[in-house]
Amino acid sequence: MLALFLSINDKIARTKLERLHARYSRLMLSVAYKILNDSYLAEDAVQQSFEKIIKNLHKIDEKNVLTTRNFVVIICRNVSLNFYRDKCDNQSGDIDDVNIESAEPSPANIVIDNESVEKIVNAIEKLPLIYRDVLSLRISGEYSAKEIAQILDISVETVNKRLFRARKTLAKSLERGGDNG
């Protein structure tokens, strides 16, 4: 990890990355381990996640802790899932065996007084992770479809489809009063 930090010439950017590492590396390691169940692979996933974070370091606002936290968790979870897929390909396993829901802390763990906002947040939490991730990156992270595609290692077309489906599912859920089932 030290080589990764030293590869950044800008002292301000390096300091920012060091703060992010100090604050979120344990959370990221936990997320990766829950998916991979292997401490060495989890450490590799965290390292690769920080490589992706470096590419987006300029967009990370450390003052918005919830958005930053969600961003690093989403990146780490997706990197870990890619590691898991590779592991399954090599061992004839199945990606469906991993419980990715347990690998992510709830994105809305703040008490909100406004009832309508609470309904929206509850409806978003009930979305499948693939929709929740792109929606979170798009709305709270203000990333473009192209940037989201790069972060999640998927095509821009896939990002746009997931955003469309997320919004459609969310609208239907809210029409039914927030019940997503």
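Isoleucine 75 is buried, with a relative accessible area of 0% (buried means under 20% relative accessible area, exposed over 50% and partly exposed in between, with a 1.4 Å probe and protein chains only). The residue lies in helix H4, where helices (H or I, at least four residues) are DSSP runs numbered from the N terminus. Leaving aside neighbours within four places in sequence, isoleucine 75 is in contact with Ser49, Lys52, Ile53 and Ile151, contact being defined as heavy atoms within 4.5 Å. Isoleucine 75 and leucine 152 are separated by 77 residues in sequence, while their C-alpha atoms are 6.8 Å apart in space.

The model is predicted, so that local features need pLDDT of at least 70 and side-chain atom pairs count only at pLDDT 80 or more, whereas totals for chains, interfaces and linings use all residues. Residues are numbered from 1 along each chain as its sequence is written, and side-chain values use heavy atoms, with hydrogens and water left out.

The largest nonpolar core contains 44 residues, and Met28, Ile53, Phe71 and Leu137 have the most contacts inside it. A nonpolar core is here a set of buried Ala, Val, Leu, Ile, Met, Phe, Trp, Tyr and Cys residues joined through side-chain atoms within 4.5 Å. At least two residues of this core come from each of H2 (11–36), H3 (39–55), H4 (65–91), H6 (129–139), H7 (145–152) and H8 (156–175). H4 gives the most, with 11 residues. In soluble globular proteins, nonpolar side chains tend to be buried together. Leucine 137 touches Phe71, Ile74, Glu142, Tyr143, Ile148, Ile151 and Leu152, not counting residues up to four places away in sequence.

H6 is mostly covered, eight of its 11 residues being buried. These are Leu129, Tyr131, Arg132, Asp133, Val134, Leu135, Ser136 and Leu137. H6 and H7 pack at an angle of about 130°, with their axes 10 Å apart; axes are lines fitted to C-alpha atoms, for helices over the stretch in contact, and angles run from 0 to 180 degrees between N-to-C directions. The two helices, H6 and H7, are therefore oblique to each other (under 35 degrees counts as roughly parallel, over 145 as roughly antiparallel, 65 to 115 as roughly perpendicular and the rest as oblique). Val134, Leu137 and Arg138 of H6 make the contact with Ala145, Ile148, Ile151 and Leu152 of H7.

Five salt bridges are counted, each requiring a side-chain nitrogen of Lys or Arg within 4 Å of a carboxyl oxygen of Asp or Glu. One of them joins arginine 77 and aspartate 133, at 2.2 Å from N to O. This pair links helix H4, which holds arginine 77, to helix H6, which holds aspartate 133, across 56 residues. Arginine 77 is buried at 0% relative accessible area, and aspartate 133 is buried at 5%.

Glutamate 62 forms a salt bridge with arginine 19, the closest N and O atoms lying 2.5 Å apart. Glutamate 62 is in the loop between H3 and H4 and arginine 19 in helix H2, 43 residues apart. Both residues are partly exposed, with relative accessible areas of 24% for glutamate 62 and 43% for arginine 19. A further salt bridge connects glutamate 147 with lysine 59 (2.9 Å, N to O). Because glutamate 147 lies in helix H7 and lysine 59 in the loop between H3 and H4, this pair ties together parts that are 88 residues apart in sequence. Lysine 59 is partly exposed, at 28% relative accessibility.
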